[in-house]
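Good morning, colleagues. Please look at the sequence and the structure on the screen, and I shall then take you through them part by part.

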Amino acid sequence: MSPAPASTAAGSATIAPAGGNGPDGPLLTVKDLQVYFPILTGVLRRRTGWVKAVDGVSFHIDRGETLGLVGESGSGKTTIGRTIVRIMQPLEGSIHLGGSDLLALRGEDLRRRRRRFQMVFQDPYSSLDPRQTVGEILAEPLRVHNLASGKARQARVVELLDLVGLEASFVERYPHEFSGGQRQRIGIARALAVEPELIVCDEPISALDVSIQAQVINLLERLQADLGLTYLFIAHDLAVVRHIADRVAVMYLGKIVEVAPSDLLYQQPLHPYTVALLSAVPVPDARTERSRRRIILRGDIPSPANPPTGCRFHTRCWLRERLKNPEICATTDPPLAPIPQATPDQTVACHFASELNEHRPRDVVPEVEETPVIAPVQG
Amino acid sequence: MSQAPAGNADRSAHDPTIIRGGARPGTPLLSVRDLHVEFAGRGRVVRAVRGLSYDIGPGETIGLVGESGSGKSVSALSLLGLLPKHVGKVTAGSAVFQGQDLLHLPEDKLRRIRGARIAMIFQDPLSSLNPVLTIGRQITEAIETHRGVSIREARKRAVALLDLVGIPAAASRINDYPHQFSGGMRQRAMIAMALSCEPSLLVADEPTTALDVTIQAQILELLRRLRTELGMAVLLITHDLGVVAGFADRLAVMYAGRLVELGPAETILADPAHPYTIGLLRSLPRLDRPRQAALTPIEGSPPDLASSLDGCPFAPRCAWRVDRGWTDAPPLVLAGGERLADAALVGHEVACHNQPTREEALAGLPLTPGFLPAPPPDSLVIEEEVV
């Protein structure tokens, strides 16, 4: 199993007591997942190192739940999504879906099992075949998985279009005839065709305009309520994730640094990186923005080919700086675990999480105002 | 409901002697009037900008906001003569910058202004930096071209600039090529290049859209500091209402090539008067508000800009639309009704035949008993996205 004992400890902290395999346990259980990409150099393409895209990640998603996975570029969030739907192969770790070991599946078994997990991609322009009509795009998974044929297949295609709010008359049209929002609906309908239990949504709205984003978010929420779907929702937009997710996992450089129920994460973040992320998100309110202070992180995210030792965030950590740079941050990777001051369903990977609140500057995370969305200003 | 005057108030709105939308008193730095831009191709003419007017005062920051296809970027490119040749062209309007009309200047005169007195930064620094020249060479080139100083002097200045924008070890990084910089560093380098001649106007087109949120915060902080130090005006083009909230003095909201709302950022974000602006703000999930059960999207999608759009371009998606909206485009005038007193003071303007009240803006729908959005006239076929 995992070579890093710290991440094993981190894994057990997030796994529900049911163990993840029983019918009442989580739908998806990911344990100690490591996905490395080889760095090949020279004419002989010799491997000279590894990009540690995902480095010991464990989490679970309950049936009917939405887990939001947030992080910046290079955090490994997209790689996790792709590994779960078996587009990428992990180096280590296990992925169980409803009790069966996804990584053990090969060939025909894997192909058949793909019905249970589907993916919705970020780019609705490149993820649909431009030479297929919408009808053909939606009929293909039905044919591949022998779900319906002939008239029944046609009826199912129309039903799918209806499910995502598109007209039946669209069957004969090609992807280029649709707007971005409509294409994303087609992508969602294609994922739904095989009646999956889990849908991995990889930045499903970030290519869309704001006014269209809300339409697609509402659609995803309605489908979840109607069909009992489970979502892994991967995104960089923290406001969108808070809206759609029941729980949120925050990633930094290949590791999960904090997991918490949505509201809790935003009201009481425990990891200094989560605090910095929240402080960086601008809100559309001029007075709040002008009075607000920010934690500006210095520098860029380090390279996952050569991550910092110990806690990976320690090179940019404002809390460590305030604590006069304790040595442990640079030497020991903190496990993801609950802390005594918070509820057990919030876990954090920081040696000093329990001291965060006394050092956290005020006004960095916007206060949640109970006032109406739009309030008149005094002139 | 609004008391917007009927008739062609559009003309008076383009009178260059009128200071618009709460602009600072005094001579504006840039004065755009009735700008029209068209693109021709594939047998269609796309009217991307349809009569745009605004002023920027010296040292002022305007946030030009809108979604894809609203014309916000195209309008800025057209001011600098950067529209794609033979495809896009300015068909009408003027843009007076420090006494000269940019739209009617010969190319060599415009080139002397561009990069020196007006600088531009773009969303994707990689595509606007030359991959085969060092970062230093690209900055010194601008300084040599516009300032006529020696290579040694230009180089000294380039190092100082890279230092100013927060690039560590500037004296050695100056010899790096763009690919050796991270996304955030490239954006800093591009800002250094843009500022090399101390422009009085910086046009920033989605400068942080491609960046991660923590890097975005760094770049906005940097721009905020430089803006104050150099006293320059900024035209910030973005789709992100959060970014403009803390950065812009005034907002200009565009929809389908027109301004629909103009005024102080604080006023528009707290008290939006146009149904489109109201809809945009309601469709956003916000960290500073409690979680909502469901978001309120704007139904439908933006109009086809190749069509004539005689009426109000937002009418097909608007809950407040009245009959007139199908045929007449509403002019941009002071916000009326209960907003009038404040609007006259701060210059809050809106282009709407049937302005929602504050109460309606809060509710997100018309509250007049019995009011129904006007159905399209028989002559109009509307394609609406089914939701």
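Let me begin with a definition: two strands pair if DSSP finds at least two bridges between them. Helices (H or I, at least four residues) and strands (E, at least two) are DSSP runs, numbered from the N terminus. This is a predicted model, in which local features need pLDDT of at least 70 and side-chain atom pairs count only at pLDDT 80 or more, while totals for chains, interfaces and linings use all residues. Residues are numbered from 1 along each chain as its sequence is written, and chains are lettered from A and ligands numbered from 1 in the order in which they are written.

I start with the sheet of chain A. To which strand do five bridges join E3(A)? The partner is strand E8 (residues 230–235) of chain A, and the two run parallel. Within E8(A), A:Leu232 is the bridge partner of A:Leu67. E3(A) also pairs with strand E9 (residues 247–252) of chain A, in the parallel sense and over four bridges; there, A:Leu69 has A:Ala249 as its bridge partner. E9(A) in turn pairs with strand E10 (residues 255–261) of chain A, in the antiparallel sense over six bridges, and the partner of A:Ala249 in E10(A) is A:Val259.

These strands belong to an open sheet of seven strands with mixed pairing, in the order E6-E7-E8-E3-E9-E10-E11 (chain A). Its edge strands, strand E6 (117–120) and strand E11 (347–348) of chain A, each pair on one side only.

Is strand E3 (residues 66–70) of chain A mostly covered or mostly open? Five of its five residues are buried, and the strand is mostly covered. A residue is buried if 20 or more other C-beta atoms lie within 10 Å of its own, exposed if 12 or fewer, and partly exposed in between, with C-beta atoms placed from the backbone. In a regular strand the side chains alternate between the two faces of the sheet. In E3(A), A:Thr66, A:Gly68 and A:Val70 point one way and A:Leu67 and A:Leu69 the other way, and all are buried.

Across E9 and E10 of chain A lies helix H10 (residues 272–280) of chain A, running at about 100 degrees to E9(A). For that angle, axes are lines fitted to C-alpha atoms, for helices over the stretch in contact, and angles run from 0 to 180 degrees between N-to-C directions. H10(A) is mostly covered, with nine of its nine residues buried, among them A:Tyr273, A:Leu277 and A:Leu278.

I return to A:Leu232. Together with A:Phe233, A:Leu232 has the most contacts inside the largest nonpolar core, which has 206 residues. Such a core is a set of buried Ala, Val, Leu, Ile, Met, Phe, Trp, Tyr and Cys residues joined through C-beta atoms within 7 Å. Helix H8 (residues 183–195) of chain B gives the most to this core, with eight residues. Leaving out residues up to four places away in sequence, A:Leu232 touches several residues, including A:Ile61, A:Leu67, A:Ile84 and A:Val200.

Let me turn to chain B. Why is strand E3 (residues 61–65) of chain B described as largely enclosed by the rest of the structure? The reason is that five of its five residues are buried. B:Thr61, B:Gly63 and B:Val65 point one way from E3(B), and B:Ile62 and B:Leu64 the other way. E3(B) pairs in the parallel sense with strand E8 (residues 233–238) of chain B over five bridges, where B:Leu64 has B:Ile237 as its bridge partner. E3(B) also pairs in the parallel sense with strand E9 (residues 250–255) of chain B, over four bridges, and B:Gly63 stands opposite B:Leu251 in E9(B).

In the loop between H8 and strand E7 (201–205) of chain B we find B:Cys197. B:Cys197 counts as partly exposed because it has 18 C-beta neighbours inside 10 Å.

Finally, the interface. How many residues of chain B are in contact with chain A? There are 54, and they meet 55 residues of chain A; two residues are in contact if their C-beta atoms, placed from the backbone, lie within 7 Å. H9(B) gives the most to the side of chain B that touches chain A, with seven residues.
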